[in-house]
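Please open the structure in the viewer and keep the selection tool at hand.

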Amino acid sequence: MFEKILIANRGEIACRVIRTARRLGIHSVAVYSEADRHALHVTMADEAVPIGPAPARDSYLCADKIIAAAQRTGAQAIHPGYGFLSENAAFATACAEAGITFIGPPPQAIAAMGSKSAAKRLMEAAGVPLVPGYHGEDQDEARLKQAADAMGYPVLLKATAGGGGKGMRVVTDAAEFGEALAAARREAQSSFGNDAMLVEKYLTRPRHVEIQVFCDGHDNAVYLFERDCSLQRRHQKVIEEAPAPGLSPVVRAQMGEAAVTAARAIGYRGAGTVEFLLDTDDSFYFMEMNTRLQVEHPVTEMITGQDLVEWQLRVAAGEPLPLAQDQLEIHGHAFEARIYAEDADQDFLPATGTLAFLQPPEESAHVRVDTGVLQGDSISVHYDPMIAKLIVWDEDRDRALTRLARALRDYRIAGTTTNVEFLYNLISVPAFRAADLDTGFIERHREQIFRSRDSEDPALVALAVLYLLLRRELAAGDIAATSLDPWSPWHSARGWRCNEPGRQELRLMIGARELCVAATAAGDHYLIESELGQTQASGGLDGECLHASLDGHRQAVTVTSHDGGHSLFTRDGALHFQDAAAAAVDEEETEGALTAPMNGTVIAVRVAPGATAAKGDVLLVLEAMKMEHSIRAPADGVVAELFYAEGDLVDGGAELVRFEPAGD
Ligand code: MV4
């Protein structure tokens, strides 16, 4: 077994590999870019080596820098993780040439699976089922049309050089075939520089079911059952589960054996995943083979009780597979949800920002959190904005799903926009609990999933107002405590009025909406009134725990304040809000500042360089924390220079505009 390995990756997968290495007593070496200088994987590893500037092309994708780091530290092997160089045959070759073990398949196996059409031909020769269709060299329109007519419509035109859904076009009847083919060819030529097409029978409600395979250097090959990854959005997996609901043992064995046959056909070593389309009649068809450890491998680990990274290390070190096929069993059911810093309400635009508040659910035998970030970290614009993978397990699917829902509610994040609410809505669709799955699920249930959350839930708003009122009381108490007259009624923060009940008015910013609220102090509680209704509220703050009573209903919720405002987390969801009065003060303080008030995205540029502007004119609009921030001209003058364009992500404090006031 290796004494020291280098992990050529970052984020959660680097941390995950380091955890297994540590458990096995293997010394770990991390590599990091300048942006990851203080990242979790760097602090977790035994050693860490800088490999260059933030952009991946200058760091994590630089094979020579990574190999040099391994040589400098004496690492005997390199684990590539996923993404980056994990499926780069040239990197695997360079490792071997440097006398360093690449923890993965042989280069030629990577290369063989790199071309989708070549992979299909290899699988066909090995007897692995393919979708009925035509993959021939003859690209004459008449030949393709003949194939389409023979298999029957709908058919799917796929660019041979395409992949991941790019260059696919459905043709529903013969009359439109010619036009569709011409359009698909144009798109393929412009996207891939190759307009070769294949024609397949179009499966209208397929599921994406993939088989985890493992092969060692002693001619052993097993499958560790399947994962259902049908819940995808634009070919990005969102929720994965194992085993695939409703898959019969017979079909499971057939798919597993087909996957092992596919792996053996290319002389595979290590962890691999064979992806299939599963049709409604239980027939299944090879899609592609991935020659790396997948993001979603933890769900397989949870139902088999195996550590797949340990298997990778043992096989790479020349050991046989730890278990034979008849020793592998499925126990229970697992889900994985990918937690991202992205805004589901803005077409999943990556969100930037600082994880000002980050409280994952408590881990246990049922809940696992694979993450590469800690509270206070910023989500970098240079890499995939993954915050964590949330994995849950239980004895059966229904219980596991209930755990997932609870764990998502317990995943408390503030300071940047995340997809947690989207994930919760997604798994709450009744059809999901009913396992009515296929790759079109998200699109088909769009209304239920993207429903604009009732962010003006009276109870949530009352809790938010109570929190602001209690903060004001605490702040007033602190001032009173340091004054010469601590008991002066002037220190009261309960809106004291002469001969009238104490009354305060607040303005809450929830997203882009402003809500006016009146709070009247009445004995030991407040009467909170707004257009949403009225609530009697009382309670107390204990750090980040708000103990509240709303019309007698008592509950404890988590609250926190950060530079983007305030957040509260309840079992019914999270609410992110600002005290508009405070925000207005901030706006005044930053008025005239032509820098970004916080991390955000430029969503509008209203002027061009050289344009004149009057004081207060909007020059540029930022979106951050679901709110719009207008950057205004501080005086009459001229826009000398713009540093960002629409769609750009900006860090807080970044200079946005160079403005020359008139008369300067
Ligand atoms: C298909 C298909 C239906 N019929 N092939 C999408 C990307 C690539 N992995 C293959 N894909 C598909 N091929 C036939 N003959 C539907 C898809 C498909 C899909 C497949 C797996 C996971 C998500 C998907 C989303 C849309 C379409």
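Each stop names a selection and describes what is found there.

**Before starting.** This is a predicted model, in which local features need pLDDT of at least 70, side-chain atom pairs count only at pLDDT 80 or more, and totals for chains, interfaces and linings use all residues. Residues are numbered from 1 along each chain as its sequence is written, and side-chain values use heavy atoms, with hydrogens and water left out.

**Stop 1: the domains.** Colour the protein by its division into domain 1 (4–103), domain 2 (106–131 + 206–331), domain 3 (132–201), domain 4 (338–451), domain 5 (458–584) and domain 6 (590–661). These bounds come from an automatic or database domain assignment. Between the centres of domain 3 and domain 6, taken over C-alpha atoms, there are 47 Å.

**Stop 2: the ligand.** The shell holds 16 residues, and the closest are Lys-158, Gly-165, Glu-200, Lys-201 and Leu-203.

Next, show the strands β7 (155–163) and β9 (197–201), each of which supplies at least two residues of the shell. Helices (H or I, at least four residues) and strands (E, at least two) are DSSP runs, numbered from the N terminus.

Now inspect the polar contacts, which are pairs of N or O atoms within 3.5 Å; within protein, one atom must be able to donate a hydrogen and the other to accept it, and residues adjacent in sequence count only if both atoms are side-chain atoms.

- Lys-158: a polar side-chain atom lies 3.2 Å from a nitrogen atom of the ligand.
- Lys-201: a backbone N or O atom lies 2.7 Å from a nitrogen atom of the ligand.
- Leu-203: a polar backbone atom lies 2.9 Å from a nitrogen atom of the ligand.

Taken alone, the ligand exposes 510 Å², of which the protein buries 89%. Such areas come from the Shrake-Rupley method with a 1.4 Å probe; for residues, only the protein chains shown count as cover.

**Stop 3: helix α10.** Select residues 297–304. Is this helix enclosed or open? Helix α10 is largely enclosed by the rest of the structure, because 8 of its 8 residues are buried. Buried means under 20% relative accessible area, exposed over 50%, and partly exposed in between (1.4 Å probe, protein chains only). Among the buried residues are His-297, Glu-301 and Thr-304. Just after α10, Gly-305 takes a positive phi of about 75 degrees.

**Stop 4: loops with particular backbone angles.** Select Pro-154, in the loop between α7 (141–151) and β7; the peptide bond from Tyr-153 to Pro-154 is cis, with omega near 0 degrees. Move to Pro-243, in the loop between β12 (236–242) and α9 (249–265). The bond from Ala-242 to Pro-243 is also cis, with omega near -5 degrees.

Then select His-235, in the loop between β11 (221–233) and β12. His-235 has a positive phi of about 65 degrees although it is not a glycine, and its 45% relative accessibility makes it partly exposed. Phe-348, in the loop between β16 (342–343) and β17 (349–350), has a positive phi of about 65 degrees. At 9% relative accessibility, Phe-348 is buried.

Definitions and conventions. A residue is near a molecule or strand if one of its heavy atoms lies within 4 Å of it.
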